[in-house]
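User: Got a model open and want a quick tour. Can we start with how you use your terms?

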Amino acid sequence: MKKAPMIQSVSVHKVSTPVSGALSFSGDKSLSHRAIMFGALAEGKSSFTNVLSGEDCVCTRKAFEAMGVTIEAESPETLTVWGKGLGGLRASATALDCGNSGTSMRLLSGILAGQSFESTLTGDPSLSSRPMRRVTDYLKQMGAVIEGRDNANYAPLKIKGQRLSPIDAKLTVSSAQVKSAILLAGLYAKGCTSVTEPVLSRDHTENFMEYFGVKIKREGLRVSVEGGQKLEARSFPIAGDVSSAAFFMAMAVLLPGASIEFKSVLNNPSRTGIFEVLKRMGVVFGNWNDGKMAGPEKVVDFSLNAQKLKAFEIKKEELPSLIDEVPILMVLATQAEGVSVIHDADELRVKESDRIETMTTGLRKMGADIRVEKNTIYINPNGKKTLLRGTEVDSFKDHRVAMSLVVAGMIAKGESGVKDTHCINTSFPTFFDLLSRLGIVYKVDTIK
Ligand code: S3P
């Protein structure tokens with residue numbers, strides 16, 4: 001069997017010739033996970049096109065296959081899921097490996113909490129060091145028996161499913177993963193489960209529940225679901241990943257003379273905070289066509305036009321709508337006149353890496369001036385935009401850090417090298433194909 005290359009580094013030069021092209025993106029990661037999960041829990045056949053074939057979603061797919069769900073792949077992006085209904089999963093003979101994927105581990109925990117069998121969830125070193133008590137504490141309150149290091153805070157997690165009781169959860173952190181885990185467990189609880197968030201996080205689970213025929217009640221920041229409702233099978237294309245498109249949006253803004261058309265990108269206000277920040281930076285959206293749906297979610301076509309970039313400020317309340325875009329927004333901020341501030345970004349510390357630390361390390365090495373006070377980030381604190389210089393930087397095995405630094409390399413003087421870029425496959429396996437499509441030259445070094 002062909003073994004995947006383990007270490008891969010990428011070098012890029014400053015891009016000075018105009019790039020152009022029309023791009024569509026593989027399925028949104030959050031939506032692709034949910035399509036597989038909801039398809040598996042529904043009754044009958046669901047088919048999805050444009051599913052993300054990145055490693056994170058493959059983990060979710062393999063987990064359900066291991067629990068007896070048949071998933072046929074016409075291609076890696078076109079899946080037919082033969083749903084087993086809420087009660088149809090069976091125990092996996094082996095541990096369910098979630099790899100690098102927080103969404104797989106946290107949402108699966110919710111589903112497994114309501115099963116009549118025991119499961120074990122494992123992950124890679126990054127995932128095994130990310131906090132799980134934010135989910136497991138609530139699931140335990142609902143009646144699940146969960147074991148793991150530090151009082152079920154770290155994987156591996158052993159989950160003994162039980163008959164669940166509903167809870168009325170008041171979250172202290174806005175997290176779609178936590179909200180979704182509780183709502184999915186709520187499907188197995190007898191009675192009405194509610195979750196209230198401090199600020200709305202992405203509402204895909206709510207949208208999917210409604211689209212798959214489950215009645216939910218949304219009242220501001222509170223969402224409730226009555227247990228025992230059946231999911232009806234559905235088929236639809238997955239909207240293009242707005243978090244992946246964000247890297248190309250940055251290129252459209254930063255590369256001189258760039259002309260990029262974006263096709264069928266997910267357009268959900270709980271995810272598109274980056275659109276609002278770009279507008280505040282002075283970027284103009286053109287050719288806006290938002291008339292289409294991709295199953296439960298809206299999509300939009302657009303292009304971008306940028307002149308001089310203005311600094312931005314992001315308050316804590318806005319963070320959930322752009323949480324995965326902060327790394328690339330930090331790159332954009334280095335090129336803006338004025339001081340950009342990202343307030344209270346503590347959640348970035350518990351992503352695939354501590355993104356405050358890893359992005360600051362990489363960008364500072366390239367010459368950026370960044371000050372961090374507790375969890376607030378000041379970029380260009382002296383108000384002047386930075387001339388980045390090419391050098392060797394590290395992704396710290398975090399896909400979004402890797403792609404952000406590759407983009408930084410495209411505007412830095414000379415040549416830049418980004419170490420450990422294999423991780424990009426977790427969320428955006430076509431990243432380099434799309435760079436080639438735009439005519440951007442890069443070099444990949446693989447060490448086996
Ligand atoms: C996700 C939610 C976000 C996001 C992650 C995917 C989801 O995490 O960072 O990449 O699919 O629900 P949190 O909800 O924990 O902030």
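Analyst: Contact here means heavy atoms within 4.5 Å. Also note that this is a predicted model.

User: Good. Which residues does Gly 338 touch, leaving out those up to four places away in sequence?
Analyst: Gly 338 touches Ala 311, Ile 379, Asn 380 and Gly 383.

User: Where is Gly 338 found?
Analyst: In the loop between α10 (326-334) and β19 (340-342).

User: What separates the C-alpha atoms of Gly 338 and Asp 203?
Analyst: 33 Å, with the two residues 135 apart along the chain.

User: Switching to Lys 179. Buried or exposed?
Analyst: Lys 179 has 1% relative accessibility, and buried means under 20%, so Lys 179 counts as buried. Its place is in helix α6 (residues 176-186).

User: Which side chain joins that of Lys 179 in a polar contact?
Analyst: The side chain of Glu 206, at 2.8 Å. Beyond four places in sequence, Lys 179 is also in contact with others, including Leu 171, Val 195, Asp 203 and Val 223.

User: Now the open sheet. What order do the four strands have?
Analyst: The order is β2-β15-β17-β16, and the pairing is mixed. β2 (20-24) and β16 (284-294) are the edge strands, each pairing on one side only. From one strand to the next, the twist averages 10°.

User: How many bridges do β16 and β17 pair over?
Analyst: Seven, in the antiparallel sense.

Key: Residues numbered from 1 in each chain as written. Predicted model: local features only at pLDDT ≥ 70, side-chain atom pairs only at ≥ 80, totals over all residues. Heavy atoms only, no water. Pairing = 2+ DSSP bridges. Helix = DSSP H or I, 4+ residues; strand = E, 2+ residues; numbered from the N terminus. Axes fitted to C-alpha atoms, helices over the stretch in contact; angles between N-to-C directions. Buried < 20%, exposed > 50% of the residue type's maximum accessible area, 1.4 Å probe, protein only. Polar contact = N/O pair within 3.5 Å; in protein donor to acceptor, adjacent residues only side chain to side chain.
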